[in-house]
Amino acid sequence: MATRGIVKLGEDILRRRAREVTEFDARLGCLIDDMFETMTKANGVGLAAPQVGILKRVCVVCVDGETKFELVNPVILKESGSQVGPEGCLSVPGRNGYVKRPKKLTVQAYDRYGEKQIYKIADFEAVAFCHEIDHLDGILFIDKLYDKRTDG
C-alpha cells in the first residue's frame with residue numbers, strides 16, 4: 001500500500017465525471033488499498049478516486065475507524081428522509097459548510113472482486129456515501145451548501 005497525493009480544488013479532474021470500472025483486477029485492489037491508506041493518514045472518512053487523480057468510479061468510506069466500505073460503480077437505489085449537517089472535504093481544505101443529505105440510503109456497488117453488494121445505511125454513513133458518490137460526478141460539497149456559513 002502507498003499514500004497518494006490528494007488533488008485540491010482548482011484541478012480539472014475534480015469537476016469531471018469518472019468512468020465506469022470494467023476490469024476487476026489486482027490494480028483495482030491496489031488502488032482501493034491505497035485510497036484507504038491515504039484517507040486514513042489524512043484523517044478523512046471517505047475518498048473518491050478522482051481525489052487521487054484517477055478518473056474511475058471508485059470510492060471508499062470508513063466513518064467509524066473499523067467498517068470499511070469499498071464502492072465500485074456505486075448507484076443510489078433509494079433514499080429517504082433528510083438531514084442537514086456540517087461537511088468538509090480533503091480536496092477543499094479549510095472550508096466547511098452545511099449540506100442537506102438523505103437520512104437513509106440503499107446503494108448498489110461492486111467490491112474489488114466484482115461482487116455486487118447492497119448497502120442499507122443511515123445517518124453519517126449516508127452523508128459520507130453521498131459526498132463520495134457526488135465526487136464521481138464532478139460535484140463537490142461546496143456546490144450543495146445549504147447554509148453559507150463556514151468554519152474556515
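The model is predicted, so local features are given where pLDDT is at least 70 and side-chain atom pairs where it is 80 or more, while totals for chains, interfaces and linings use all residues. Residues are numbered from 1 along each chain as its sequence is written, and side-chain values use heavy atoms, leaving out hydrogens and water.

- Strands here are DSSP runs of E with at least two residues, and helices are runs of H or I with at least four, numbered from the N terminus.
- Two strands count as paired if DSSP finds at least two bridges between them.
- Strands of a sheet pair through backbone hydrogen bonds, either parallel or antiparallel.
- Strand 1 and strand 2 run antiparallel and are joined by three bridges, and Ala48 stands opposite Cys59 of strand 2.
- Four bridges link strand 2 with strand 3, again in the antiparallel sense.
- Across that pairing, Val58 has Val72 as its bridge partner, Cys59 stands opposite Leu71 and Val60 stands opposite Glu70.
- Strand 3 pairs with strand 6 over six bridges in the antiparallel sense, and Val75 stands opposite Gln108 of strand 6.
- Which way do the residues of strand 2 point? Val58 and Val60 point one way, Cys59 and Val61 the other, and all are buried (buried means under 20% relative accessible area, exposed over 50%, partly exposed in between, with a 1.4 Å probe and protein chains only).

**The helices**

- With 16 residues, helix 1 reaches 22 Å from its first C-alpha to its last, close to the 22 Å expected at 1.5 Å a residue; the expected span is 1.5 Å times one less than the number of residues.
- The N-terminal end of helix 1 is capped by Asp25, which has a side-chain oxygen 3.3 Å from the backbone nitrogen of Arg27.
- Just after helix 1, Asn43 takes a positive phi of about 60 degrees.
- The buried residues of helix 1 include Leu28, Leu31, Met35 and Phe36, and their cover includes strand 1, strand 2 and strand 3.

**The nonpolar cores**

- A nonpolar core is a set of buried Ala, Val, Leu, Ile, Met, Phe, Trp, Tyr and Cys residues joined through side-chain atoms within 4.5 Å.
- In soluble globular proteins, nonpolar side chains tend to be buried together.
- The largest core has 21 residues, and those with the most contacts inside it are Leu71, Leu105, Tyr119 and Phe129.
- At least two residues of this core come from each of strand 2 (58-61), strand 3 (69-80), strand 6 (104-110), strand 7 (116-122) and helix 2 (123-135).
- Helix 2 gives the most to this core, with five residues.
- Among the residues that Leu71 touches are Val58, Cys59, Tyr119 and Phe129, leaving out those up to four places away in sequence; contact means heavy atoms within 4.5 Å.
- A second, separate core has 14 residues, including Val21, Leu31, Met35 and Val52.

- Is Asp34 buried or exposed? Asp34, in helix 1, counts as buried at 5% relative accessibility.
- A polar atom of the Asp34 side chain lies 2.8 Å from the backbone nitrogen of Ala2.
- Beyond its neighbours within four places in sequence, Asp34 is in contact with Met1, Ala2 and Arg4.
- Arg112 is in the loop between strand 6 and strand 7 and is buried, with a relative accessible area of 14%.
- The side chains of Arg112 and Asp33 are joined by a polar contact of 2.9 Å (a pair of N or O atoms within 3.5 Å; within protein, one must be able to donate a hydrogen and the other to accept it, and residues adjacent in sequence count only if both atoms are side-chain atoms).
- The Arg112 side chain also reaches the backbone oxygen of Gly29 at 3.3 Å.
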